[in-house]
Amino acid sequence: MEEKETYTFEELLGIMDRLLGEGGCPWDRQQSLEGLRSYLLEETYEVLEALEEGDPVHHQEELGDLLFQVVFQAALRKREGRFGMEEVVSGIARKLVRRHPHVFSGPGAASAAEARGSWARLKEEEARARGQRRRTLEGVPRALPALLRAQRLQQKASEVGFDWAEPQGALDKIHEELGELRQAVELGDGGSIRGEAGDLLGAVVNYVRLLGVDAEDALSGASRRFEARFGFIEERLWELGREPRDAS
């Protein structure tokens with residue numbers, strides 16, 4: 001097979017089948033769903049980095065790498081006789097149509113908040129139809145970065161009214177948690193220090209969420225600024241023939 005300039009999605013699936021088939025790639029053929037987990041995570045973070053860089057060409061490339069991981073996992077499930085890419089595509093298409101009645105089958109939504117509320121309500125109705133009672137905080141993956149997971153949990157709780165009426169309440173909570181952390185430090189209790197530190201971080205996430213700030217993005221930006229500023233200082237020290245550890 002010669003490389004072409006343009007391929008269809010169906011041709012991509014054919015390439016995947018070829019890689020996993022007889023005479024295909026030995027490395028691909030020995031992969032398992034468990035073994036692909038780390039690659040899926042890595043490719044996801046590379047997409048996020050490409051977004052931060054703002055380079056459309058790099059973004060396109062990384063989205064392709066991420067798509068390959070989706071196609072790869074679906075192909076392995078197909079070999080097991082469970083499902084294939086067709087079922088994955090059909091499943092998400094059905095879900096999108098079903099949960100957007102304001103677009104496909106009914107009166108339109110007046111706002112983004114109304115559309116989001118409709119999605120949540122339909123999701124709950126689907127769970128009840130399956131005989132399930134969906135908990136408010138379900139669906140937030142434990143594997144998410146801790147900061148992002150805290151924000152998602154707080155958002156879900158907010159959707160059922162468990163929230164501060166004003167950001168000031170959340171700011172007061174920060175001061176309260178900081179005081180409790182200071183007390184734990186004074187007592188020298190390692191377990192309490194860890195717990196109170198977590199409570200303080202959670203309170204900060206809650207406050208910035210109420211201010212309309214994404215905590216994950218905010219901290220990522222702060223880390224980039226710290227990295228750039230520290231790098232600048234390091235370079236100036238090198239120009240003076242010194243190392244950071246030698247400076248005050």
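Predicted model: local features only at pLDDT ≥ 70, side-chain atom pairs only at ≥ 80, totals over all residues.
The buried residues of α10 are Glu196, Leu200, Gly202, Ala203, Val205, Asn206, Tyr207, Val208 and Arg209. At the start of the helix, a side-chain oxygen of Asp189 comes to within 3.1 Å of the backbone nitrogen of Gly191. After α10 comes Gly212, which has a positive phi, near 85°.

Three aromatic pairs were counted. One of them joins Trp27 and Tyr39 in an edge-to-face arrangement, with 5.7 Å between the centres and 85° between the planes. This pair links distant parts of the chain, since Trp27 belongs to helix α2 (residues 26-29) and Tyr39 to helix α3 (residues 33-53), 12 residues apart. Trp27 is partly exposed, at 37% relative accessible area, and Tyr39 is likewise partly exposed, at 32%.

Phe68 and Phe72 form a tilted pair, 5.3 Å centre to centre with 55° between the planes. Both residues lie in helix α4 (residues 56-80), four residues apart, or about one turn of the helix. Phe68 is partly exposed, with a relative accessible area of 26%, whereas Phe72 is buried, at 1%.

Charged side chains also lie over aromatic rings. Lys4 is placed over the face of Tyr7, 5.2 Å from the ring centre, and Arg236 over the face of Phe232, at 4.6 Å from the ring centre.

Terms used
Residues numbered from 1 in each chain as written. Heavy atoms only, no water. Buried < 20%, exposed > 50% of the residue type's maximum accessible area, 1.4 Å probe, protein only. Helix = DSSP H or I, 4+ residues; strand = E, 2+ residues; numbered from the N terminus. Polar contact = N/O pair within 3.5 Å; in protein donor to acceptor, adjacent residues only side chain to side chain. Phe/Tyr/Trp six-rings, centres within 6.5 Å; stacked < 30°, edge-to-face > 60°. Lys NZ or Arg CZ within 6 Å of the ring centre and 35° of its normal.
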